[in-house]
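Here are my notes on this model, point by point. Please read them with the structure open.

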Amino acid sequence: MKPLYWIAAGLALVVFTKAPPDRYDYSEVLGNAFVLIGWIKLARARPEIPLRLTLWYLVVLAFVLSIVLSAADARAWLEDADAAVIWAASLPALGFQAALCHAMTRQASAGKARGGWWWTVAEAGILIALVATVLYDGADWDWLYGVGTVGLAGVLLVMLLCLVYGPAVWAGGPEPEAEVEDAEAT
């Protein structure tokens, strides 16, 4: 499977599933594992990808946090925690997605792909939501209520872009010759 398809599948698991309050959240861990697998495959397929080390740190931290916070007691504690703690817990996963969008924008530009600017739109949506959440909770700017929806739209756009651009060579897809050789081998 293509690297960005793994990432899209992982994000879909994380966004669209939720465990019962008294159970371990396996879907969160599995979703983040898929994102990690997708990143590993992308990093191997495209060693020149920008922000490589930052993306490694963020995706591993997001995976570890998903393991730690997937227990029912940890999720209950997080729901009762300060808004800043909840924001900080989501920061590695959203930071990974924003950094991935930035890297994919640069990859698309280098690959002369049309429509690569959509990655910048998704990145902006995620970053706006991250900053707006701090201002809403920390500075009591109540007029920013609901801006987090922009972040969700950014995450959904990341999933869609991963599916659309997954086969592209600049996005970790196979070289065209490799697909022909694989088809002839079968």
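1. Burial. The chain has 186 residues, and 40% of them count as buried (under 20% relative accessible area; exposed is over 50%, partly exposed in between; 1.4 Å probe, protein chains only).

2. Basis. This is a predicted model: local features need pLDDT of at least 70, side-chain atom pairs count only at pLDDT 80 or more, and totals for chains, interfaces and linings use all residues. Residues are numbered from 1 along each chain as its sequence is written, and side-chain values use heavy atoms, with hydrogens and water left out.

3. Fold content. The chain has eight helices and zero strands. In sequence order the pattern reads α-α-α-α-α-α-α-α. Helices (H or I, at least four residues) and strands (E, at least two) are DSSP runs, numbered from the N terminus.

4. Contact range. Take the contacts between residues at least 6 apart in sequence: 72% of them join residues at least 24 apart. Contact means heavy atoms within 4.5 Å.

5. Helices α1 and α7. Two packed helices are described by the angle between their axes and the distance between the axes. Here α1 (residues 3–16) and α7 (residues 148–165) have axes that come within 8 Å and cross at roughly 150°. That makes α1 roughly antiparallel to α7 (over 145 degrees; under 35 is roughly parallel, 65 to 115 roughly perpendicular, the rest oblique). Axes are lines fitted to C-alpha atoms, for helices over the stretch in contact, with angles from 0 to 180 degrees between N-to-C directions. The crossing is left-handed: the near helix is turned anticlockwise from the far one by less than a right angle.

6. Who makes that contact? From α1, the residues are Leu4, Tyr5, Ile7, Ala8, Leu11, Ala12, Val15 and Phe16. From α7, they are Leu152, Val155, Leu156, Val158, Met159, Cys162, Leu163 and Tyr165. By class, the contact has 16 nonpolar, no polar and no charged residues. Ala, Val, Leu, Ile, Met, Phe, Trp, Tyr, Cys and Pro count as nonpolar, Asp, Glu, Lys and Arg as charged, and the others, Gly among them, as polar.

7. Cysteines. The structure holds zero disulfides (a pair of cysteine sulfur atoms within 2.5 Å). Cys101 is buried at 0% relative accessibility. Cys162 is also buried, with a relative accessible area of 0%.

8. Ala124. This residue lies in helix α6 (residues 117–138). Ala124 is partly exposed, at 34% relative accessibility. Ala124 and Gly151 are 27 residues apart in sequence and 8.6 Å apart in space, C-alpha to C-alpha.
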